[in-house]
Amino acid sequence: MATALGTVIDGKYEVLKQIGKGGMSFVYLAMDKRLNKQWAVKEIRKTATGEHDEIIVNSLIAEANLMKKLDHPALPRIVDIIDNGQTIYVVMDYIEGESLDRILEEYGPQPQELVVEWGLQLCDVLKYLHRQKPPIIYRDMKPANVMLKPEGNLKLIDFGIAREYKEKKLADTDILGTEGYAPPEQRGSRQTDVRSDIYALGMTMHHLLTGVDPRPRDYEYHPIREWNPELSEGLEIVINKCTALDPENRYQSCEELMDELAHYEEAGKDFRDKLKKKAAAFGITVILAVIFLAVGIGGRFMSAYVNDQDYAQKISVDESTSYENKVQSYLEAIDLYGTDPRAYILLLKAYSENNRFGDEESNQFTGKYNTWKDDFDTESEEYLELMYQAGITYFYLYSGGDDSFRTRVQKASGYFQAIVDSGNTDFEYYSISQSYAIIGDFYNQYVDNATSVKEPTLSAYTELLESFQTCIDNTEDYESDDSAYIRMRMYKAVADLLNDHRKGFASVGVPEEDVIGVLDTIREKTEAISVTQETSQELRADILESYQTYVDNIARVYTNTGERKEQ
């Protein structure tokens with residue numbers, strides 16, 4: 001039985017409505033009463049009457065534990081897991097949008113270019129999963145498990161049957177997946193691997209292009225151009241290779257598939273040319289083999305030299321180059337050498353100089369970085385510089401999500417923490433990164449981590465206050481065409497947090513004058529800023545008008561706290 005509307009789960013999440021249902025689970029839209037934010041809550045009943053039910057329940061629990069450790073823009077976040085013994089509630093991002101199966105149902109087959117773009121996005125998230133250690137095999141790619149957000153980006157949902165790849169295992173334990181999309185090996189013949197996800201992605205693209213559902217028992221696979229001759233021959237070749245019955249005949253990695261999919265028009269021409277030249281190629285190959293043997297070593301050195309030259313050219317674009325061309329050049333440089341921090345740093349600089357860093361830019365950056373992050377030299381100065389620039393860009397400039405200070409802190413904290421974890425105290429920005437990391441840790445521990453049972457301490461609040469002061473001072477060095485507005489956004493967020501957490505500061509014994517002292521600094525710095533833009537003027541007025549109210553609120557709380565301690 002579903003949880004009644006209006007029920008408050010764990011004293012925090014009020015159930016607003018049911019938005020989904022599975023065999024052993026319900027999904028609700030819920031309001032976080034503390035943060036005034038909506039989440040999706042998956043309810044998993046532990047009661048299982050049969051072996052299959054038990055498998056499903058265990059897979060749902062495994063899904064939550066698996067997703068907790070993942071971080072990719074196309075994956076929903078897990079923010080809380082509540083287990084009351086009988087039921088598990090998994091609190092996660094609420095994804096607004098529509099599933100691709102609903103889009104198929106309403107609009108029919110989708111345009112070729114759009115499906116290719118969706119395919120590239122899904123390749124990127126599968127590549128991220130496959131690069132985990134051990135690799136994560138998703139195993140349930142299909143239109144129903146892909147959400148299209150209003151801004152056009154995709155989110156991959158439902159990790160109920162995802163699994164970690166186990167070396168030397170001959171077959172999967174459980175036969176799960178959606179018939180029609182799942183490859184033959186997923187029905188128990190052998191262990192699934194990254195090529196199993198490639199098969200399912202191929203079938204998903206086939207369905208999106210043709211509108212033909214592969215799930216019915218009498219379904220027979222036919223190439224996409226038999227359903228629609230207007231579709232590209234090259235794209236047909238790519239999808240046919242994805243859906244080969246033998247995994248050895250498929251693309252062997254998502255990187256390989258992404259490259260082919262991005263250049264699918266060339267595949268048709270290449271295929272025809274190969275057929276024409278096949279007969280002549282045999283004799284020529286014998287001669288070329290001798291030549292290649294002689295020049296092979298030199299060729300490898302020449303190839304590396306050409307790539308180095310190409311990379312240097314792509315990261316050395318002229319300052320007069322347009323923003324769009326700069327970004328494209330830096331992205332192409334990353335594709336050449338994904339573990340060289342220089343192109344990433346220049347990419348972030350381009351975003352900052354043009355005050356463009358919303359979801360689109362964030363996805364561009366993290367999509368590239370997440371692909372290579374396990375292979376960076378994390379001890380190098382250049383890598384630490386990249387971490388600092390990424391943290392600063394998210395902390396001050398990120399305008400995606402709900403555009404809140406909380407979101408910016410969460411996005412930035414991991415990059416600053418990487419610098420702290422390096423232990424390289426000689427790094428120029430080590431100390432300031434510590435301050436940013438402390439703010440992020442405070443949010444994770446005491447503000448946004450609903451699973452936390454830690455009580456705030458004097459030490460935690462004192463460090464937070466000192467970090468706020470350091471970061472406020474540091475904004476003076478932030479250079480941007482809109483630096484005054486960005487500084488004031490920081491001031492406003494800090495002032496709001498001091499006011500919102502005044503009881504916490506008072507309860508642990510942080511001196512009242514220290515808290516108000518930070519507010520005084522914010523007021524003084526705001527008064528010194530001269531702005532002409534209307535939005536900046538409104539923000540400036542809001543900070544100054546709030547100042548006295550916040551001072552009064554803090555003073556009143558400290559007075560009340562002192563009186564209670566005397567009683």
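This is a predicted model: local features need pLDDT of at least 70, side-chain atom pairs count only at pLDDT 80 or more; totals for chains, interfaces and linings use all residues.
Residues are numbered from 1 along each chain as its sequence is written, and side-chain values use heavy atoms, leaving out hydrogens and water.

A cavity here is a set of points on a 1 Å grid over the protein atoms alone where a 1.4 Å probe fits but cannot get out, and lining residues have an atom within 4 Å of a point. Volume is the space filled by probe spheres set on the points, which are joined across faces, edges and corners. The count is two cavities of 30 Å³ or more.

| Cavity | Volume | Lining residues |
|---|---|---|
| Largest | about 50 Å³ | Ala495, Leu519, Ile522, Arg523, Ile543, Leu544, Ser546, Tyr547, Tyr550 |

As for the largest cavity, α19 (534-566) and α18 (512-527) each bring at least two lining residues, and α19 gives the most, with five.

Now for the helices (DSSP runs of H or I, at least four residues, numbered from the N terminus). Helix α12 (residues 381-397) packs against helix α16 (residues 483-500) at about 80 degrees, with the axes 9 Å apart. The pair is therefore roughly perpendicular, a label for angles of 65 to 115 degrees. Axes are lines fitted to C-alpha atoms over the stretch in contact, and angles run from 0 to 180 degrees between N-to-C directions. Phe395, Tyr396 and Leu397 of α12 meet Ile486, Arg489 and Met490 of α16, contact being heavy atoms within 4.5 Å.

Conventions: Angles under 35 degrees count as roughly parallel, over 145 as roughly antiparallel, 65 to 115 as roughly perpendicular and the rest as oblique. On a 1 Å grid over the protein atoms alone, a cavity is a set of points where a 1.4 Å probe fits but cannot get out, and a pocket is an open set with protein on both sides within 12 Å along at least five of seven lines; lining residues have an atom within 4 Å of a point.
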